[in-house]
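Notebook open, one structure on the screen. I want to jot down what I look up, site by site.

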Amino acid sequence: MKRCLFLFAVFALTLLPQTVEAADKLRLMIIDGQNNHNWRATTPILQEFLTRSGRFEVSVVTTPTEKSPATDWSAFQPKFSEFQVVLSNYNGEMWPESVQKGLEKFVSDGGGLVIVHAANNAFSGWSEYNTMIGLGWRGADFGDRVTTNDAGETIRTEKGKGPGAGHGSQHEFAIRLRDTAHPVVKGMPTEWLHAKDELYHGQRGPAVNMHLIATAFADQSKGGTGAHEPMIWWIPYGKGKVFTTVMGHADYSMKCVGFQSVVSRGSEWSATGEVTLPIPENFPKADKVSSAP
Ligand code: ZN
């Protein structure tokens, strides 16, 4: 009888509106497979909180490992067009040209692209990728640098001047919103404390049409630049939107409720131009980190 009830329950669950809701979910592809970071530990965290938000149907697409034979790479053909948003957790070997072109077409046709932490270190030789991400982990001679003054006014430093990419020691640091009206961060505290992470500084690139959403002050006592460095930004690319956060070095960084909210809402927004996901009640405060269990 117990078994009967169980089967009935399973049957009933399949009839519930979840199946209808599934059609409304955004199809999100996490792409990973190579990284100088522990992607095997961080992809499941990304997948867990994106799925838990209820807004996404998440698939993970993993590239061939380093130094794989060409036949493995020719078989690697992610079907971008079946998704509404692609999230890159990849920092490794260059993709085949057909995959590069596929991603360019996907975004320019209106798809969302989300870049997390070291994904912006990748592909310095791929011109359109640099255009999409705006700023990447590159040397000072690669391109311009973008920071703000205390008031939040953008300062552009031309290539060759000032520091190139780097970071100081890991620590908790404040994220300061610079565009409080942007849908991804609207309603978040203007300043909130992010869990222990690397604070990227000196990011370089073409930074054309770059919309800066949030910065963090890179304290010199922690090995930083003494400048307000970009933490969250977006760039239009054709009909698509490329959303970047350089937060997310390790599992403990990604457990920050603020990081999870930024990535979930950023993914939704880059795919649809709208944000319906609420800001969680346990969101970090100006002086208090909040981490998911
Ligand atoms: Zn890192």
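Is threonine 51 buried, exposed or partly exposed? I looked it up: threonine 51 is partly exposed, at a relative accessible area of 40%. My cut-offs are under 20% relative accessible area for buried, over 50% for exposed and partly exposed in between, with a 1.4 Å probe and protein chains only.

Ground rules before I go on. This is a predicted model, where local features need pLDDT of at least 70 and side-chain atom pairs count only at pLDDT 80 or more, while totals for chains, interfaces and linings use all residues. Residues are numbered from 1 along each chain as its sequence is written, and side-chain values use heavy atoms, with hydrogens and water left out.

**Threonine 51, continued.** I find threonine 51 in helix H3. Helices (H or I, at least four residues) and strands (E, at least two) are DSSP runs, numbered from the N terminus.

**Zinc site.** Which protein atoms are the donors of the zinc ion? I noted His37 (NE2), His117 (NE2), Glu198 (OE) and His249 (ND1), lying 2.0 to 2.1 Å from the zinc ion. A donor here is an N, O or S atom within 2.8 Å of the metal (3.2 Å for Na, K and Ca); water is not among the atoms, so sites may look incomplete. The 4 donor atoms subtend angles of 92 to 159° around the zinc ion, so I log the arrangement as irregular. For that label, four donors are tetrahedral if all angles lie between 85 and 135 degrees; four are square planar and six octahedral if opposite donors are over 155 degrees apart and all others between 65 and 115; anything else is irregular.

**Nonpolar cores.** I count a core as a set of buried Ala, Val, Leu, Ile, Met, Phe, Trp, Tyr and Cys residues joined through side-chain atoms within 4.5 Å. The largest nonpolar core has 50 residues, and those touching the most other members are Leu46, Leu50, Leu87, Trp192, Met231, Phe243 and Phe259. Another core lies apart from it, with 25 residues, including Val61, Trp95, Ile115 and Ala119.

Where does lysine 67 lie? I place lysine 67 in the loop between strand S2 (56-62) and helix H4 (70-74). Its phi is near 60°, a positive value in a residue other than glycine. Lysine 67 is exposed, with a relative accessible area of 73%.

Phenylalanine 123 also gets an entry, with phi near 60°, again positive in a residue other than glycine. I find phenylalanine 123 in the loop between strand S4 (112-116) and helix H6 (127-133). At 5% relative accessibility, phenylalanine 123 goes down as buried.
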